[in-house]
Amino acid sequence: MTAHDAERRLRDEGLVPSAWSNGPGDRYGAHDHDYDKVIVVERGAIRFGLPATGGSIDLAVGDRLEMPAGTRHDAVVGPDGVTCLEAHLPAGSLARLARRMAGAWHDETDEPDPA
């Protein structure tokens, strides 16, 4: 999946993505948001930690993360940096935390939440 494909797919869902990037090894401390968000990795990799469960979710190119509002998380960027597309939704729009593997965004057989 190209970056253009990922952006088009998000826009086809009525989402308005914007891009952000971080360098290798950059970290975000634990936090949460008052909105739901969808993240798709365009380049590189990132690991989202889930302090409440002790689990983590690894995302690589083309992978998608759907994160409901209030999900406490931290993040560590992979060794090659990361560029992501991110779109926000009103709180309550997403039913659960879910990782969708590249190429299978609408397949409900994707990995369940790690909780």
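A salt bridge is a side-chain nitrogen of Lys or Arg within 4 Å of a carboxyl oxygen of Asp or Glu. The structure holds nine of these salt bridges. This is a predicted model: local features need pLDDT of at least 70, side-chain atom pairs count only at pLDDT 80 or more, and totals for chains, interfaces and linings use all residues. Residues are numbered from 1 along each chain as its sequence is written, and side-chain values use heavy atoms, with hydrogens and water left out.

**Nonpolar cores**

- A nonpolar core is a set of buried Ala, Val, Leu, Ile, Met, Phe, Trp, Tyr and Cys residues joined through side-chain atoms within 4.5 Å.
- Buried means under 20% relative accessible area, exposed means over 50%, and partly exposed lies in between (1.4 Å probe, protein chains only).
- The largest nonpolar core has 14 residues. Ile46, Phe48, Leu59 and Leu65 have the most contacts inside it.
- At least two residues of this core come from each of strand 3 (36-50), strand 4 (55-59), strand 5 (64-67) and strand 6 (73-89). Strand 3 gives the most, with five residues.
- Helices (H or I, at least four residues) and strands (E, at least two) are DSSP runs, numbered from the N terminus.
- Another core lies apart from the largest one. This other core has ten residues, among them Ala6, Leu10, Leu15 and Val38.

- Contact means heavy atoms within 4.5 Å. Leaving aside residues up to four places away in sequence, Leu65 touches Lys37, Val38, Ile39, Phe48, Ile57, Leu59, Leu97 and Ala98.
- Two strands pair if DSSP finds at least two bridges between them.
- Strand 5 pairs with strand 3 in the antiparallel sense, over four bridges. Here Leu65 is the bridge partner of Ile39.
- Strand 5 also pairs with strand 7 (residues 98-100), again antiparallel, over three bridges. In strand 7, Arg99 stands opposite Leu65.
- In a regular strand the side chains alternate between the two faces of the sheet.
- Both faces of strand 5 are covered. Arg64 and Glu66 are buried on one side, and Leu65 and Met67 are buried on the other.

- Glu7 and Arg11 meet through their side chains in a salt bridge (3.1 Å, N to O). The two are four residues apart in helix 1 (residues 3-12), so about one helical turn separates them.
- Glu7 is partly exposed, with a relative accessible area of 28%. Arg11 is also partly exposed, at 41%.
- Arg8 forms a salt bridge with Asp12, and their closest N and O atoms are 3.4 Å apart. Both lie in helix 1, four residues apart, about one turn of the helix.
- Arg8 is partly exposed at 38% relative accessible area, whereas Asp12 is exposed at 58%.

**Salt bridges elsewhere**

- Asp58 and Arg47 meet in a side-chain salt bridge (2.5 Å, N to O). This pair links distant parts of the chain, with Asp58 in strand 4 and Arg47 in strand 3, eleven residues apart.
- Asp58 is partly exposed, at 38% relative accessibility. Arg47 is partly exposed too, with a relative accessible area of 42%.
- Glu13, Arg64, Glu66 and Arg100 are linked in a network of salt bridges. Two of its members, Arg64 and Glu66, are buried on one side of strand 5.
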